[in-house]
Amino acid sequence: MSARAPDTRRATIVAASVLFASVMTLGCGVLSAPIGLDLASKTSFEADWHRYTRVRTSKAFAYAGDPTGLSVTGLAYAMPSKVEAETRALDYCEEQRAVRGIATPCVLLAIDDEIVRVSAERPLPTTDRAGS
Amino acid sequence: MLLCGVLCGLPVGAGAQRAAGVEVSVLSYNVHGISWLFAKDNPEGRAAAIGWLASRYDVVLLQEAFEYHDEIGGQMAGAVAVRGNGMRGDPRLLLTKLLLFPFQIVLPDFSFPYGSGLSAFVAESAGEVVEEDRHRFDKCSGWFERSFDCWATKGALRLRVRLENGAEVDFYNTHLDAGQTESGIEVRARQLNHLVRWIERESVGRAVVVTGDFNTALSRMENVEAMRSFKQRTRLADVGAGPELPQWPRRDFIFVRDGENVALNVVASGEALEFVSRARALSDHPAAYARLEVSLQ
């Protein structure tokens, strides 16, 4: 019993030292880090598009604004028909467009897995294409 | 206008009777103020910068100010500080608190598990806080899923502020659960419902501003529908204070409504871009602001 007591004390001291050193190391790392958090590399438009590629048909994706800047989207999915998906996606998008004060009306970008609007000025996001 | 004034039975020139409006700037910001042990950066440094920048606003409503309410408030001279609800009495939280207590004595800024993390600062020059109240949500959506919602005690904070022109406005600040599982969505809907009922009970006929982190990505249809229902039931309107930078994955909200004798007019709204510098930001959320003209009618 008396021989084990110093071992226990030594183990406690070692454990406390390791904990202290870990906290100090972490603490120094935190304090020397630059202030602020990195912004995401992916845009919200890309994230929404990525989500669209994974949701169930009948579905539609509408957007307004600049996908690389201020934009809004409207996603409808698991709808009974394409027409309902289109209507709902545009409705959601228009609601956000009005709130955010974007001048150009919402347009459909995709219906189910078909891209319905692509132009050189507004290419698709670099993430997965619909249906891929 | 004159014709309507006559036909509608209003005194001609009724608009001229409106008392002079005062402009109030509102900031809503999730400051990601968790302990430095979890945040993996220097949140204390961010908190000081946030407080300094936020001090330009009349009413500042923060979410996730868990550890750094005092650091932020320290930069806001001449502001009344109010905190949201504390931790609930859940045995699991109490046990965790007990086990971590020795570390919390030694380590700075480590008070986990948390309360609501809600904070409010009202500039004395803008108005007087005449009433304050807290509402604690009774359900949470998970302990070990991605959102760790149950380790905090989410809720809402209400302040009634009397502005210099005598108009009273009820400010609500909330943070809903983040879980995206089916049960998480259900809990969030329940929390939203509690918030609606609280507003209905406390702010009958009053001008209201509601801000917060609703954790409602609008790429989910159920979230869009939930927010529509919230707006319809409370008669609140979204001021459009969404992010202006494309990198933000989420948006927080500022909603307003007129009262029976107080009109709120949105002068400007958007993302408060001073909290972002090049590719770095002072939080993982965009800061939302609105400038409101508040007039007595």
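## A tour of chains A and B

Start in chain A and select Ile111(A), whose bridge partner in strand 5 of chain A is Glu114(A). This is a predicted model. Now select residues 107-111, strand 4 of chain A. Two bridges pair strand 4 with strand 5 of chain A, in the antiparallel sense.

**Widen to the sheet**

Four strands of chain A form an open sheet here. Read their order as 3-2-4-5; the pairing is antiparallel. Which strands of chain A are the edge strands? They are strand 3 and strand 5 (114-115), and each pairs on one side only.

Next, select helix 3 of chain A. Helix 3 lies across strand 2 (60-65), strand 3 and strand 4 of chain A. Against strand 3 of chain A, helix 3 runs at about 155 degrees.

**Step back to chain A**

Show chain A by secondary structure. There are three helices and five strands. From the N terminus on, the elements run α-β-α-β-β-α-β-β. Chain A has 132 residues, and 30% of them count as buried.

**Stop at Ala76(A)**

Select Ala76(A), in strand 3 of chain A. Is Ala76(A) buried or exposed? Ala76(A) is buried, because 25 other C-beta atoms lie within 10 Å, where 20 or more make a residue buried. What touches Ala76(A), leaving aside its neighbours within four places in sequence? In chain A, the contacts are Lys59(A), Ala60(A), Ala85(A), Arg88(A), Ala89(A) and Tyr92(A).

Now draw a line from Ala76(A) to Leu37(A). They are 39 residues apart in sequence. In space they are 32 Å apart, C-alpha to C-alpha.

**Cross to chain B**

Stay on Leu37(A). The bridge partner of Leu37(A) is Ala281(B), in strand 13 of chain B. Select the two strands involved: strand 1 of chain A and strand 13 (residues 280-281) of chain B. Two bridges join them, and they run antiparallel.

Select the whole contact between the chains. How many residues does each chain give? Chain A gives 28 residues and chain B gives 26 residues. On the side of chain A that touches chain B, five elements of chain A each supply at least two residues: helix 1 (4-32), strand 1 (37-38), helix 2 (44-52), strand 3 (71-76) and helix 3 (82-100). Helix 2 of chain A has the largest share, with five residues. Colour this side of chain A by class to find 16 nonpolar, eight polar and four charged residues.

**Finish on helix 6 of chain B**

Select residues 182-202 of chain B, which make up helix 6. Helix 6 has 21 residues and reaches 30 Å from its first C-alpha to its last, close to the 30 Å expected at 1.5 Å a residue. Its buried residues are Gly184(B), Val187(B), Arg188(B), Gln191(B), Leu192(B), Leu195(B) and Ile199(B). Why do they sit on the same side of helix 6 of chain B? They do so because they cover an arc of only 140 degrees around the axis. In an α-helix there are 3.6 residues a turn, so residues three or four places apart point the same way.

Show what these buried residues pack against: strand 6 (155-163), strand 7 (168-175), strand 8 (207-213) and helix 7 (221-234) of chain B. Then turn to the face of helix 6 of chain B that points away from its buried side. There you find the exposed residues Glu182(B), Glu200(B) and Arg201(B).

Notes: Residues numbered from 1 in each chain as written. Chains lettered and ligands numbered in written order. Predicted model: local features only at pLDDT ≥ 70, side-chain atom pairs only at ≥ 80, totals over all residues. Contact = placed C-beta atoms within 7 Å. Nonpolar A, V, L, I, M, F, W, Y, C, P; charged D, E, K, R; others polar. Pairing = 2+ DSSP bridges. Expected span 1.5 Å × (residues − 1). Buried ≥ 20, exposed ≤ 12 C-beta atoms within 10 Å, placed from the backbone. Arc of directions from axis to C-beta. Axes fitted to C-alpha atoms, helices over the stretch in contact; angles between N-to-C directions.
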